[in-house]
Amino acid sequence: MSDIRVAGLEHAAQENFAELMVHVCNLFTCGESGSVSAAEATDLANSVLYVLGARDLSADEALAMLARPDLVRVWGERRQRLQDRVAEVMALWEETVRTMPSVRNIALRDTLESIGTLPRVYDAFFRAHEVPVSVDYPLSVPVDESLQGLDYLEVWLTQLLAEARFLARFNVNDMVAYLQSWCPDYQGLLINLYEPIRDAWKAGKLPMVGE
């Protein structure tokens, strides 16, 4: 881009983003206050940028988006898409819950229960970038911590579903017996269930059903 065009886009982006932030702040305060705290403003700005998808764009792409004169409308449309996407995340959660064998682990149980509250606690208006549920169960492959909001939960559940599908190929009683010998407190400790079962299978200590 030429320097003149970049300067023009920067000016338009600043004005349009400021207009959008005024709109969002008015919604946040229900029109009762003309200002919000610095911390609240930062959270609202991060939420707005997440809704717009600006953090996933190159600098030039983000600048061009923010320079759009209809930025408030774009934010509203993309916020609605995020709200609709909650149902997709919950469908993934439901499949994971159905697939996961009934091997008791407190962290896994509590995490799945917490994610189950997502439709009630997710705030696409003002905290879209946040993960508003407790995700304590450790996966065998950690999720990229730079991911935010529904992106984080979608990747996290996709990984857990892959682990659940693997565990579902074993007899539950056999898995429980092995886990008890491997770690007597496997139910209470913050441990991943997939890894010891995978390692036992690779070592020939635990057969899959049908093997």
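This is a short chat about a predicted model of one protein chain.

Trainee: What pLDDT does the chain average?
Mentor: The average is 91. Of the residues, 94% score at least 70.

Trainee: And where is the pLDDT below 50?
Mentor: Over residues 1–6. Beyond near neighbours in sequence, that stretch has four contacts in the model.

Trainee: New topic. How many residues are in the largest nonpolar core?
Mentor: It has 63. Leu-52, Leu-118, Tyr-122, Trp-156 and Ile-197 have the most contacts inside it.

Trainee: Which helices each supply at least two residues of this core?
Mentor: H1, H2, H3, H4, H5, H7, H8 and H9 do. For finding your way, H1 covers 3–28 and H7 covers 149–167.

Trainee: Which helix gives the largest share?
Mentor: That is H7, with 10 residues of this core.

Trainee: Back to Leu-52. What is it in contact with, leaving aside neighbours within four places in sequence?
Mentor: Leu-52 touches Leu-20, Met-65, Leu-66, Leu-71, Val-74, Trp-75 and Arg-78.

Trainee: Now H8 and H9. At what angle do they pack?
Mentor: At about 100°, and their axes are 11 Å apart. An angle from 65 to 115 degrees counts as roughly perpendicular, so H8 is roughly perpendicular to H9.

Trainee: Which residues make the contact?
Mentor: From H8, take Met-175, Tyr-178, Leu-179 and Trp-182. From H9, take Pro-196, Ile-197 and Ala-200.

Trainee: How many of those are nonpolar, polar or charged?
Mentor: Seven are nonpolar. The contact of H8 with H9 has no polar and no charged residues.

Key
Residues numbered from 1 in each chain as written. Predicted model: local features only at pLDDT ≥ 70, side-chain atom pairs only at ≥ 80, totals over all residues. Heavy atoms only, no water. Core = buried A, V, L, I, M, F, W, Y, C linked by side-chain atoms within 4.5 Å. Buried < 20%, exposed > 50% of the residue type's maximum accessible area, 1.4 Å probe, protein only. Helix = DSSP H or I, 4+ residues; strand = E, 2+ residues; numbered from the N terminus. Contact = heavy atoms within 4.5 Å. pLDDT = per-residue confidence, 0-100. Axes fitted to C-alpha atoms, helices over the stretch in contact; angles between N-to-C directions. Parallel < 35°, antiparallel > 145°, perpendicular 65-115°, else oblique. Nonpolar A, V, L, I, M, F, W, Y, C, P; charged D, E, K, R; others polar.
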